[in-house]
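Good morning, and thank you for coming.

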Amino acid sequence: MIYRRSIIRIFFLQILLLLSTSILNAQDDQTLLNAEKKHIEANELFKKNTAESRQTAKKLFLENLSVFENAKDAKRLAETCYRLSDLSEDLKSKLEYLKKAAPLYQQIGNSKAFALMLNNICAFQEQTGNTTDLLPFCLKSVETYREINDKYGEAVALSNLGSAYNAIGQYNKAFESLELSLKIKRELKDRSGEIVTLSTIANLYGRIGEPRKGVSYSKAALEIAEQINDPQRKSLALINHAAGLVTIGEYQKGLDYFQQGLSIARERADKRSEGAALNNLAGIYSVLGENEKAIEYYQRASVLFQELGMTQAEATALSSIGNRYEILGDYEKASEYSQKALEISRRIKDKKGQAQRLVNLGLVNALSGKFEEAIKLGTEGLLLAQESSDKPTLSRTAGNLAYIYYIAKNDLKAVENFETAVKLLRETEDIHELVVNLYRYARLDHYFGRRESAISKMKEVIEITESLRNSFVSQGLRSDYLSQKKHFYDFYIELLFELNREKPKQGFDEAALRISESARARSLLDSLGNLQKDIKGNAPPELLDEISALRQTINFKDSQKLKAVQKNENSKAAELDKEITVLLNRYDELQTKLRQSNPQFASLNNPQPLSLSEIQKQVLDDETVLLEYSIGEKRSFLFFVTNRTLEIFELPRSEMIEKQVRQTLENLKTRGQQIDNETVPQRNERLKNADLEFQKNIEETSKILLSPIADKILNKRLLIVGSGVLQYLPFSTLKNKTRYLIETNEIVNLPSASILPLLRKTKNNSVSQQKEIAILADPIFSNTDSRFKTLAESNKPKTDDKIIPSVLRSDFSRLRFSRVEAENISSLAADDKKHIALDFAANLESVNSEAVRNSRIVHFATHGIVNSKLPELSSIVLSLFDENGKSREGLLRLNDVYNLQLSADLVVMSACETALGKEINGEGIVGLTRGFMFAGAKSVMASLWKVDDRATADLMGSFYQKMLKEGLSPAAALRASQIAMIRQKASANPYYWAAFTIQGDFLPPMKQK
């Protein structure tokens, strides 16, 4: 009985098992059927190729992955893995899916797909920098394509094989594969593929140190990309061509192409190309010395490379960040980033990367004083570089190791490595690194007494630097580049000074003066030299329209920012500031494009600085001498030039001079400072102490700057060419013995001596067409102004009439004495020879009127805004409202000043701090004064600090009386007026009379030869 029950139980269990299996099979069939539907849907979405459709497709393919794996459906699984590799952004995921798909395609006998998977593995693994098992995939791909006689696939695989050989340093085999690939692609008329192979060949030539050959290939690739109008290929070609151009020193062209490539990459959401463009742009900003901006770009690039799994590129970007921090003197961060980069290079067994990172770490240690560790790391890096047989890596590694030995004062080892580096850098035409190493080598020679050898190297350094400066089309970039190389010029002057002292009368002093002139105001010199050439004449109208519209947008945003600052809306102002910075960068790009689009641009020249004899003949006379100051980090110099002689005097280093001058200026400008809740007695005590300190300061400052030539300048006209902080110092306040310098000398300031002859050449309209003077004064700053007669009080918004934004350095209160000033000046000119615009009429339209353009003297009596961060937005404030109380644009900004067409002998800015701007090494103060010179003014009078309204009105009245009625030159008239104020007790303090300076020509208006 028990036995029979067991039999029955087993029978029922078997039936249940059969039923369960049948149900499970039915469920599996349904799951597989659903997966098939998803697979079809995912493929359709994939083909649509939109961001949204790709994301959805990826989700469906991922859901199917385990289904096809369980079903052992090799065909569907292979297809799914292939699609997922395409839809993955990071290289690690791409490679995982491709390596899974490849054997599946081989298993099902799909040789073409198998070859494609291998080819993609080859390409993506090369991009990661991991070359350990790279070649087998590449070679097998080529072999498989040949077996199935797929010429197109073979050409693509050969191109990737060439890149692989390049990555592992087998350059001959790389060229062989790439040339064969190029031949097949041309036979097949595969223009798109040709771009890729040409670009790869270009990179290979760069790797072996023949960048000019590489540029010819990258140029050919770009030409094809433009012909076939393929955005993806064009982005690749632009970035590759730009990289080659930068290597040979064509920085401006490289910058332009990188920016175009970046723009296309972003439009296409091509993160790989975007990362490459950002990384290379950062390299250019590094050359320009904009280290913070370079770090920002490198960091953005490194994030993209990390997301994409491009580990070698990520390591390069991190290493570059470390280099920038080293330049900035932050050795802790420099070491941190270099160490991160080294760890990645070690992980992927990248010898070239390891070599460079080890030497970089060594350099940081050397700069930190850890010489033993520095030499150990540097030597290890050099050995790895020698193993790689890569010339660019070896040259840079040898150069940095040489610098380590230089810092450690090991002459023999430093010379040995510098010689290796310089030789290789000449062969590879790495211009930027060559200049850096020649400069360092010259420093080494100088330290060990090889002065003439140092001179020879510095001569070449300056020649290359001048050539590279001229490669920039943008004047702004020229200024930035030269400012970062000022230390080259300073050191060269130092060497020439020493040789002149040892071997006088051999021309070393003249050479030093020429180098001093070469280092300053070169962008203004270039601009003035080409002032008469209208590069807009044949420019594309649409480009001119875009520039005009962009300028209007910048002005509008700047006006919005001003209002936000006035309302204390700091976050809004900061956001607008960022927007304006981006717009200004675009404006600079368009200006460059304007120049490049015009055939006349090719005829623009780069005027050379004047020689000693030219300065003596064209600038000086018996009554005029030149004082040119060169302020250097190690040593400073004063060039004293008469029309017959030249002498050079050594001064203290920049740190000492700057400290002294800043203390002097701080005490001089104390009267312009307002302290909250300060009582009258407290203020009087503060001013008394400041005056006493100023007298001590000015005595010491005068001793530093004038003592070598004090007896030689009495009663001479002084042309002052300042440097650094000296551009903020009114030389009129210096003391020659017991008297202010202005009491014994007429003083004129110049950006450089070479500027003066060009200023005198600026074109004037005929005298019969010209007015004597145009005056714009007492504008409307607020719609609560009492001059509004038609507006009811209830309609007037409540506004603060005396807001003092930190960036403005002047308030917006009405300048009542500016009206008195304007009326007094106006009374000195005949009615038909003057133009006066007051109140609402003192507006932008008036500035652009024919009357102002044709006036010999243009006078602004109003507020000034100084923007040291963005000098393009420094401005003169004109009427901000019309007669009906409606807000209007009233800021005459620097960019607008550049577009004025003046015939003025003199522009006077009777406003606050209008002589100031952004300090750029080698260019001086870039501000409104420079703008008016470019616009056609031969000389400009402006202020160095916030001036007192009443004292200014008195000064201006006297100034114009002596200039227009007594016939004095602007400089002589200013001197006479300042002396008169010194003689009066109420205005004797230099704060009241010394703010205004004359820059430019010193001949009287309307008496030019």
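This is a predicted model: local features need pLDDT of at least 70, side-chain atom pairs count only at pLDDT 80 or more; totals for chains, interfaces and linings use all residues.

Let us begin with helix 12, residues 251–267, and helix 13, residues 271–287. How do their axes meet? They come within 9 Å and cross at roughly 150°. Angles over 145 degrees count as roughly antiparallel, and therefore helix 12 is roughly antiparallel to helix 13. The crossing of these two helices is left-handed. On the side of helix 12, the residues that take part include Tyr251, Leu255, Phe258 and Leu262. Among their counterparts in helix 13 are Ala277, Leu278, Leu281 and Ile284. Sorted by class, this contact of helix 12 with helix 13 has eleven nonpolar, four polar and two charged residues.

Helix 13 has a further partner, helix 11, which covers residues 231–247. Here the axes come within 10 Å and cross at roughly 20°. Since angles under 35 degrees count as roughly parallel, helix 11 and helix 13 are therefore roughly parallel to each other. Their crossing is left-handed. Ser235, Ile239, Ala243 and Val246 of helix 11 meet Ser273, Ala276, Ala277, Asn280 and Ile284 of helix 13. In this contact of helix 11 with helix 13 there are six nonpolar residues, three polar and no charged.

Is Leu135 buried or exposed? Its relative accessible area is 19%. Buried means under 20%, so Leu135 is buried. Setting aside residues up to four places away in sequence, Leu135 touches Leu161, Ala164, Tyr165 and Ile168. Asn160 lies 25 residues from Leu135 along the chain, and the C-alpha atoms of the two are separated by 10.0 Å.

Finally, the cores. Which residues of the largest nonpolar core touch the most other members? This core has 233 residues, and the answer is Tyr629, Phe860, Phe932 and Tyr960. Consider Tyr629: leaving aside neighbours within four places in sequence, the residues in contact with Tyr629 include Arg520, Phe637, Leu651, Ile720 and Phe731.

Thank you for your attention.

Terms used
Residues are numbered from 1 along each chain as its sequence is written. Side-chain values use heavy atoms; hydrogens and water are left out. Axes are lines fitted to C-alpha atoms, for helices over the stretch in contact, and angles run from 0 to 180 degrees between N-to-C directions. Helices (H or I, at least four residues) and strands (E, at least two) are DSSP runs, numbered from the N terminus. Angles under 35 degrees count as roughly parallel, over 145 as roughly antiparallel, 65 to 115 as roughly perpendicular and the rest as oblique. A crossing is left-handed if the near helix is turned anticlockwise from the far one by less than a right angle, and right-handed if clockwise. Contact means heavy atoms within 4.5 Å. Ala, Val, Leu, Ile, Met, Phe, Trp, Tyr, Cys and Pro count as nonpolar, Asp, Glu, Lys and Arg as charged, and the others, Gly among them, as polar. A nonpolar core is a set of buried Ala, Val, Leu, Ile, Met, Phe, Trp, Tyr and Cys residues joined through side-chain atoms within 4.5 Å. Buried means under 20% relative accessible area, exposed over 50%, partly exposed in between (1.4 Å probe, protein chains only).
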